[in-house]
Amino acid sequence: FFPLLHYERLTMKIEEVQSTTKTARIAVHTHVKGLGLDANGTALPIAAGLVGQEKAREACGVVVDLIKSKKMAGRALLLAGAPGTGKTALALGISQELGGKVPFCPMVGSEVYSSEVKKTEVLMENFRRAIGLRIKESKEVYEGEVVELTPEETENPLGGYGRTVSHVLVGLKTTKGTKTLRLDPSIYDGLQKESVTVGDVIYIEANSGAVKRVGRSDAFSTEFDLEAEEYVPLPKGDVHKKKEIVQDVTLHDLDASNAKPQGGQDVMSMMAAMGKPKKTEITEKLRTEINRVVNRYIDQGVAELVPGVLFVDEVHMLDIECFTFLNRALESSLSPIVVFATNRGVCNIRGTDVLAPHGVPVDLLDRMLIVRTMPYSVEEMVQIMSIRAAVESIEVEASGLKALGEIGARTSLRYSVQMLTPANIIAGTTGRNSVTEADVSEIDELFFDCKASARLLAKSDGYLK
């Protein structure tokens, strides 16, 4: 008696796979795409996700022009206004107008209070993060499709039966012609690591001998019906050419890479490196040395300095030590443009009993250009609500938008923006796709805003008895 054997035929299915591209989460200021100015620098009523605040937007537009012409370094801008009047949105608008190549480093005033690092060190680190360096490097490379790959062997100089590679012959082809290179055996190791075969497109750096496989030549694209290979066209020009490589780094990147301890390979030094705290201070001596090297690169024309923007929100949270440090840091030759934001009026400077406008010492206020943001009208709030609804893919009826605008005027803009999603959920439970005025009223009854909550607390004696 033999047991029956069941053979199952394995079939491979190639299914359509969903894209793994990162879907960005909708944040508070996702809708801000710029400052919304026309060619003359005049603020459009509704543009780039911003509504109203025409004077403040035009002032920020002037600041953007100053930054682009590199005439704003070492100066500061203060955005002052009531909560929910668009100060952070304006700072992000400046960042969007400058583009991705200009560093933008946001921080909050309370970030400086750390038990590991000094307050001034945190500020200095963020200052350095906001200063970019564009390094232009010219490299000599050999680029082409591999038509020949022949390692030449010789007798092993140490004796025995083994043979070693003395040199390697590589034939590279471009649209202009073919060239055979006689290369060092160490480059042959690089070719093997990159799994280079005849028909691949590669480039070899002349200075370092580094090998990079770009892909398979598209002449071989019909070789297989299905292959997980990237096909690239045959390189143009000569085999031997000069390439201009542009690299963008910040001064903090240079500080951090040079501050890492260069320990030995033995076990003790590795253990010592592991035992060290992750957050260490970068010394002033190292920064001075890096500044010297950077200035030399700039003088030689190898690098270009790109002063970025440091945005410090809730600046009244900084104390007198930080403010005195900022006075000095703003006067430095390597200084970014600093944008401060605060919602305070006349209040104490933290760490002192001295009253000052915005909680900032007067000598530092003298160095600032101050931009004031005004409260929004009901009509502007309705426009903002419609923009937010579009960004969050929520359909709101005109009556619902009007109700949200009126609630925003009565309470705050932030509260009315937060009501959008709950109102959409209420509409969904009743089987409707659009939010109505009734949904907004129901949500307003369910939740309290800060002013209503404060009024209730004022009437009661408090919760603890």
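Reader: How many helices and strands does the chain have?
Author: The chain has 15 helices and 19 strands. Keep in mind that this is a predicted model.

Reader: Thanks! And what share of the residues is buried?
Author: Of the 465 residues in the chain, 38% are buried. As for contacts with a separation of 6 or more, 67% of them are between residues 24 or more positions apart.

Reader: Let's pick a helix. What can you tell me about the length of α11?
Author: Helix α11 covers residues 398-410, which is 13 residues. From first C-alpha to last it reaches 19 Å, close to the 18 Å expected at 1.5 Å a residue.

Reader: Which residues of α11 are buried?
Author: They are Gly400, Leu401, Ala403, Leu404, Gly405, Ile407 and Gly408.

Reader: Let's take α10 with α11, then. At what angle do they pack?
Author: The angle is about 125°, and the axes are 8 Å apart. That makes α10 oblique to α11.

Reader: Is that crossing left-handed or right-handed?
Author: α10 passes α11 in a right-handed crossing. On the α10 side, the contact is made by Val378, Met381, Val382, Met385 and Ser386. α11 brings Leu401, Lys402, Leu404, Gly405, Glu406, Gly408 and Ala409.

Reader: Nice. Now for another pair: how do α3 and α7 pack?
Author: Helix α3 (residues 119-129) and helix α7 (residues 284-300) pack at about 15°, with 13 Å between their axes. That angle makes α3 roughly parallel to α7. The crossing of these two helices is left-handed.

Reader: Which residues meet there?
Author: From α3 there are Glu121, Met124, Glu125 and Arg128, and they meet Arg287, Ile290 and Asn291 in α7. By class, the contact of α3 with α7 has two nonpolar, one polar and four charged residues.

Reader: Switching to the loops: where is serine 195, and what is its phi?
Author: Serine 195 is in the loop between α4 (185-193) and β8 (200-205). Its phi is positive, about 55°, although serine 195 is not a glycine.

Reader: And what about the phi of glutamate 314?
Author: Glutamate 314 is not a glycine either, yet it has a positive phi of about 50°. You'll find glutamate 314 in the loop between β13 (309-313) and α8 (320-330).

Reader: Why does glutamate 314 count as partly exposed?
Author: Because its relative accessible area is 26%, and partly exposed covers the range between under 20% for buried and over 50% for exposed.

Reader: What is arginine 367 in contact with, leaving aside its neighbours within four places in sequence?
Author: With those neighbours left aside, arginine 367 is in contact with Ala76, Asn327, Leu330 and Glu331. Take asparagine 327: arginine 367 is 40 residues from it in sequence and 8.5 Å from it in space, C-alpha to C-alpha.

Reader: Great, thanks for the tour!

Note on methods:
Residues numbered from 1 in each chain as written. Predicted model: local features only at pLDDT ≥ 70, side-chain atom pairs only at ≥ 80, totals over all residues. Heavy atoms only, no water. Helix = DSSP H or I, 4+ residues; strand = E, 2+ residues; numbered from the N terminus. Expected span 1.5 Å × (residues − 1). Buried < 20%, exposed > 50% of the residue type's maximum accessible area, 1.4 Å probe, protein only. Axes fitted to C-alpha atoms, helices over the stretch in contact; angles between N-to-C directions. Parallel < 35°, antiparallel > 145°, perpendicular 65-115°, else oblique. Left-handed = near helix turned anticlockwise from the far one by under 90°. Contact = heavy atoms within 4.5 Å. Nonpolar A, V, L, I, M, F, W, Y, C, P; charged D, E, K, R; others polar.
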